[in-house]
Amino acid sequence: MVLVTFLQRCVQLLLLPIHVLACLGLWDSFYKKVFPHIMAKVASIYNRKVYKQKQELFSNLRQFTSPSGQLTLLEIGTGTGTNFQFYPPGCRLICTDPNPNFRKFLLKSLSENQHLKLERSVVASGEDLHQIPDGAADVVVCTLVLCSVTDVPRVLREVLRVLRLGGAFYFLEHVAAYHSSWTYFWQKVCDPAWKYFGDGCSLSRETQEELEKMNFSELNLRRIHVTPYWIPTSPHIIGYAVK
């Protein structure tokens, strides 16, 4: 622990100019404009790495179609729309993201995935989806988002609120490694600096524990590793939970 703290301080010292900008409120406004352009590049690379896992994950979305025969899907932190290709034809989308600078990338993805129908696009954080009525969604999707929200339990409570009874929450998130591993050691070392470049992202979040605490009737979850295995974002959880 002493070594972790020492190395954290060394990293923070190297990033002192960015820390000063963040304290002055200048870094966040700048990076929120840059971040969507970075994610537009990174998301396509990441999608190629987890293509089979995502294809398998979303293969049973149709099971949660409403009795009316319509599937309404709400995605939290839609970003560039990297998941659209995996959604079934005719799916009605409600997209939410706290960063309005993603919009042009979202529209581009929609133009490339015309099998989907955009119902609403809302600028909102996962912690506050008050613009979405209770039980409005058959499915809620969240991929690489819970790592960067400020309050995971609050987001999950919102997920349960907007889901209809019997609806499902799909997730794919990088998480904390096993505590005895070197990966976890480096996650803790890099965590304070990582948030500046990941738009608030935390490397060592115990998302599985938060999911297990929530009042889902069913939780289907497994741990996977995304290549390269040595990077601190390699450990993931993937699955879905039923309300």
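Start by selecting Asn 47 and Thr 82: their side chains are joined by a polar contact of 2.9 Å (a pair of N or O atoms within 3.5 Å; within protein, one must be able to donate a hydrogen and the other to accept it, and residues adjacent in sequence count only if both atoms are side-chain atoms). This is a predicted model, where local features need pLDDT of at least 70, side-chain atom pairs count only at pLDDT 80 or more, and totals for chains, interfaces and linings use all residues. Residues are numbered from 1 along each chain as its sequence is written, and side-chain values use heavy atoms, leaving out hydrogens and water.

Stay with this pair for a moment. Asn 47 and Thr 82 are 35 residues apart in sequence, yet 7.4 Å apart in space, C-alpha to C-alpha. Asn 47 lies in helix 3 (residues 27-49); helices (H or I, at least four residues) and strands (E, at least two) are DSSP runs, numbered from the N terminus. Is Asn 47 buried or exposed? Asn 47 counts as buried because its relative accessibility is 6% (buried means under 20% relative accessible area, exposed over 50%, partly exposed in between, with a 1.4 Å probe and protein chains only).

Next, select Val 159. Leaving aside neighbours within four places in sequence, Val 159 is in contact (heavy atoms within 4.5 Å) with Ile 76, Val 140, Phe 169 and Phe 216.

Now show the largest nonpolar core, with 28 residues: a set of buried Ala, Val, Leu, Ile, Met, Phe, Trp, Tyr and Cys residues joined through side-chain atoms within 4.5 Å. Leu 74 and Val 159 are among the members that touch the most others. Helix 6 gives the largest share of this core, six residues.
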